[in-house]
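Morning, everyone. Please have a look at it first.

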Amino acid sequence: NCVIDANNLIKIYQNGSEELKVLDDVSIQVYRGDFMVILGPSGSGKSTLMNILGCLDLPTSGQYTLDGLNVLEASDNELAEIRNKKIGFIFQKFNLLPRLTALQNVMLPLLYRGVKEEEALEAAKEKLTILGLGARLFHRPNELSGGQQQRVAIARAIVGNPQLLLADEPTGNLDSKSSEDAIRIFKELNQQGNTIVIITHDVEVAQQVKKIVYIRDGKLYENH
Ligand code: ADP
Ligand code: ADP
């Protein structure tokens with residue numbers, strides 16, 4: 001029941017002749033049903049860790065097993081499939097496609113997987129309705145508030161029932177009310193059994209969850 005099992009991750013960026021060690025022997029385990037926040041200041045390596053855990057980037061060295069799959073031995077195609085099937089991503093900037101409606105944005109991950117259009121439409125509609133956007137299905141992102149856009153992004157992340165929800169600063173672009181709403185939604189999703197990892201520098205977000213891991217200068221700590 002280990003969703004993320006990552007050990008001794010090291011990430012070194014090469015800036016010309018200079019080496020920058022951004023992750024320094026990071027090990028992290030996330031179990032099914034966990035709700036974890038990784039809290040750290042800007043520049044501590046959060047996005048780098050998120051990109052590796054999300055199979056968007058590879059570590060310089062280490063081991064990473066996601067839902068039983070050895071990520072570091074996967075081909076690019078296999079990695080794309082792992083991302084599409086196993087992970088729901090939520091970003092600070094929502095990353096919605098501006099020309100598509102809320103409904104079309106949420107349908108997209110299912111269509112990529114080859115799910116039939118009617119089926120994708122029903123699933124997308126259901127998730128958006130659950131998240132309080134039943135009256136906004138045909139709105140484009142720029143016709144929605146920030147909080148509503150983030151709820152569309154959450155609907156898109158959960159529509160395929162992924163093993164893992166990975167959120168990178170999900171409240172970073174939200175006012176405090178929308179931010180509270182988003183956290184409440186994450187809590188509810190977790191109570192329904194979703195495994196969630198949030199990466200943030202926002203202490204208020206971290207205070208809402210039981211499991212906090214701290215990141216500082218590329219190292220993880222259980223305590224401050
Ligand atoms: P955070 O998300 O906590 O702000 P990042 O993972 O984005 O931290 O960055 C950690 C450090 O690594 C920063 O000093 C950043 O400038 C550097 N960094 C991030 N990505 C790259 C890259 N592709 N090449 C070189 N340096 C990078
Ligand atoms: P965040 O706001 O999530 O911390 P950043 O603005 O630090 O992200 O970085 C945005 C993107 O630029 C990331 O993909 C990161 O890997 C890359 N990046 C950050 N710092 C550097 C750097 N010094 N050199 C090259 N790429 C970088």
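Ground rules first. This is a predicted model: local features need pLDDT of at least 70, side-chain atom pairs count only at pLDDT 80 or more, and totals for chains, interfaces and linings use all residues. Residues are numbered from 1 along each chain as its sequence is written, chains are lettered from A and ligands numbered from 1 in the order in which they are written, and side-chain values use heavy atoms, with hydrogens and water left out.

Now the overall picture. The protein has seven helices and 10 strands. These elements are DSSP runs, numbered from the N terminus: helices are H or I with at least four residues, strands are E with at least two. The radius of gyration is 17 Å, close to the 17 Å from the globule rule for 224 residues, so the protein is as compact as a globular protein of that length. For the record, the radius is taken over C-alpha atoms, and the rule is 2.2 Å times the number of residues to the power 0.38. The C-alpha trace spans about 50 × 40 × 40 Å along its principal axes.

How much of the protein is buried? Buried residues make up 48% of the 224. Buried means under 20% relative accessible area, exposed means over 50%, and partly exposed is in between, with a 1.4 Å probe and protein chains only.

Next, contacts. Take those with a separation of 6 or more: 70% of them join residues 24 or more positions apart. A contact here is heavy atoms within 4.5 Å.

Charges, briefly. There are 24 positive and 28 negative side chains, and the centres of the two sets lie 5 Å apart. Lys and Arg count as positive, Asp and Glu as negative; His and the chain ends are not counted. Each charge is placed at NZ of Lys, CZ of Arg, CG of Asp or CD of Glu.

On to the sheet. Which strands build it, and in what order? It is an open sheet of four strands, ordered S2-S1-S4-S5, with antiparallel pairing. S2 and S5 (69-70) are the edge strands, each pairing on one side only. Two strands pair if DSSP finds at least two bridges between them.

Start with S1 (residues 2-15) and S2 (residues 18-31). They share 11 bridges in the antiparallel sense. Gln14 stands opposite Glu19 in S2. Two residues separate these strands in their hairpin, and Gly16 takes a positive phi near 60° there.

S1 also pairs with S4 (residues 61-66), antiparallel, through five bridges. Ile10 has Ser61 of S4 as its bridge partner. Asp5 deserves a look from both sides. In S2 it stands opposite Gln29; in S4 its bridge partner is Thr65.

Then S4 and S5. Two bridges join them, again antiparallel. Leu66 stands opposite Leu69 in S5. Their hairpin also has two residues between the strands, and Asp67 sits in the turn. Phi of Asp67 is near 50°, a positive value in a residue other than glycine.

Where does Asp217 lie? It is in the loop between S9 (211-216) and S10 (219-221). Asp217 has a positive phi of about 45°, and it is not a glycine. At 64% relative accessibility, Asp217 counts as exposed.

That is my tour. Over to you.
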